[in-house]
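I opened this notebook to record, entry by entry, what I looked up in one model.

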Amino acid sequence: MILAENDLIKGYRRYLRIEKGLSENTIASYQNDLYKLLLYIGIENLTVDALKQIDIHQFICSLQDVGIHPRSQARILSGLKSFYRFLCVEGYIEESPIETIEGPKLGLHLPEILSVEEVERLIGSFDMSLPESQRNKTIIEVLYDCGLRVSELINLKISQIYENEEFLMIEGKGGKQRLVPISRIALDEINAYKEDRKLLNIKKGDEDILFLNRRGGRLSRVMIFYIIRNQCEICGIHKKVSPHTLRHSFATHLLEGGANLRAIQQMLGHESITTTEIYVHMDKEFIKSEILNHHPRNMKYHF
């Protein structure tokens, strides 16, 4: 890197404040976008001054891979263009590798993203005196807490919950297994639901399945969709919400909160950030600390 990272950031902040006349809120937003890039290039062993267009394209692909909305991608790209203009103005580089890169098209339909406040409202809206409310609340908590696919949720086994270690063993696409950190608040909800579960007459073959219907069998995908949409109606969330919405919201909130992009990708069970790049192995304790320290629900639990 041409300058020490702290010096580079300080110089950029001065440039935005003095030469561009931007507000502190806007400067903070630009700086947050820059941190995302710095994290990425640090992991990839790149340097700010030697970045090429292909590196920027791969970074944008990584944002797409964790479900970041095109509007957010466009805002991040705009902030990074500003940073590279600063490097050109100050003479650190001769030409910006990012200036001619176009932002994502905004007309594409993507699943809705819930805000942190909407997720809190959704989870807090259950009438716990009603049958199956604890189960349904736990389902939404686990989907959002762990970023699971709906197929992974309905097949989640009790034997795959490692409570002391705060991990789930998830079997994803193609039968590939991955460890997924889970917060104490979600584990507490699971334990509360397991007390209700003891009252069920469980069907043979589903004894180890965590989430069951009232007849003691595993839930269907359709039922999970219904539970979420019904609860959104109850609490006044007028968006088209699905289990995948919670998965996208999970990734978006973690990234916006500063979590490591690679850790989020491994949590989601993505093999690569592009169609050709092999996914990098990460230490499970690093992933756990990255996810749990930046997840809105877990932060609320501790603070």
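I count a contact where heavy atoms lie within 4.5 Å. With that rule I looked up Glu189, which touches Gln134, Lys137, Thr138 and Glu141 when residues up to four places away in sequence are not counted. Before going on I noted that this is a predicted model, in which local features need pLDDT of at least 70 and side-chain atom pairs count only at pLDDT 80 or more, while totals for chains, interfaces and linings use all residues. I also noted that residues are numbered from 1 along each chain as its sequence is written, and that side-chain values use heavy atoms, with hydrogens and water left out.

**Entry: where Glu189 sits**

Glu189 lies in helix 8 (residues 184-197); helices here are DSSP runs of H or I with at least four residues, strands are runs of E with at least two, and both are numbered from the N terminus. Is Glu189 buried or exposed? I use buried for under 20% relative accessible area, exposed for over 50%, and partly exposed for what falls in between, with a 1.4 Å probe and protein chains only. Glu189 has 12% relative accessibility and therefore counts as buried.

**Entry: the chain as a whole**

I then looked up the totals, and the protein chain has 13 helices and three strands. Buried residues make up 50% of its 303 residues. Of the contacts in the chain with a separation of 6 or more, 61% are between residues 24 or more positions apart.

**Entry: aromatic pairs**

How many aromatic pairs does a search of the whole structure find? The rings of Phe, Tyr and Trp (its six-membered ring) pair if their centres lie within 6.5 Å, and planes under 30 degrees apart count as stacked, over 60 as edge-to-face and the rest as tilted. The search finds nine such pairs. In one of them, Tyr12 and Phe83, the ring centres are 5.1 Å apart and the planes stand at 80 degrees, so I record the pair as edge-to-face. This pair links distant parts of the chain, since Tyr12 is in helix 1 (residues 5-19) and Phe83 is in helix 4, 71 residues apart. Tyr12 counts as buried because its relative accessibility is 1%, and Phe83 counts as buried too, at 0%.

I next checked Phe86 and Tyr92, whose ring centres are 6.2 Å apart with planes at 65 degrees, so this pair is also edge-to-face. Phe86 is buried at 3% relative accessibility, whereas Tyr92 is partly exposed, with a relative accessible area of 30%. Tyr12, Tyr15, Phe83, Tyr84, Phe86 and Tyr92 form one aromatic cluster.

**Entry: the sheet**

I looked up the strand pairing, where two strands pair if DSSP finds at least two bridges between them. The three strands form an open sheet in the order 1-2-3, with antiparallel pairing. Its edge strands are strand 1 (161-162) and strand 3 (177-181), each of which pairs on one side only. Strand 1 and strand 2 pair over two bridges, and strand 2 (residues 167-171) is joined to strand 3 by five.

Which residue of strand 3 is the bridge partner of Phe167? The partner is Pro181, and on the other pairing Tyr162 stands opposite Phe167. Met169, in turn, stands opposite Leu179 in strand 3.

Glu166 lies in the loop between strand 1 and strand 2, and it has a positive phi of about 60 degrees although it is not a glycine. The hairpin of these two strands has four residues between them. Glu132 likewise is not a glycine and has a positive phi of about 70 degrees. Glu132 is found in the loop between helix 5 (116-123) and helix 6 (133-146), and at 25% relative accessibility it counts as partly exposed.

**Entry: the cavity**

On a 1 Å grid over the protein atoms alone, I take a cavity as a set of points where a 1.4 Å probe fits but cannot get out, with lining residues having an atom within 4 Å of a point. Grid points are joined across faces, edges and corners, and a volume is the space filled by probe spheres set on the points. The count comes to one cavity of 30 Å³ or more, and the largest cavity has a volume of about 30 Å³.

Which residues line the largest cavity? They are Lys36, Ile68, Ser72, Arg75, Ile76, Leu255 and Glu256. Helix 4 (70-89) and helix 10 (243-256) each supply at least two residues of this lining, and helix 4 gives the most, with three.

Definitions and conventions
1 Å grid on protein atoms, 1.4 Å probe; cavity = no way out; pocket = protein on both sides within 12 Å on 5 of 7 lines; lining within 4 Å.
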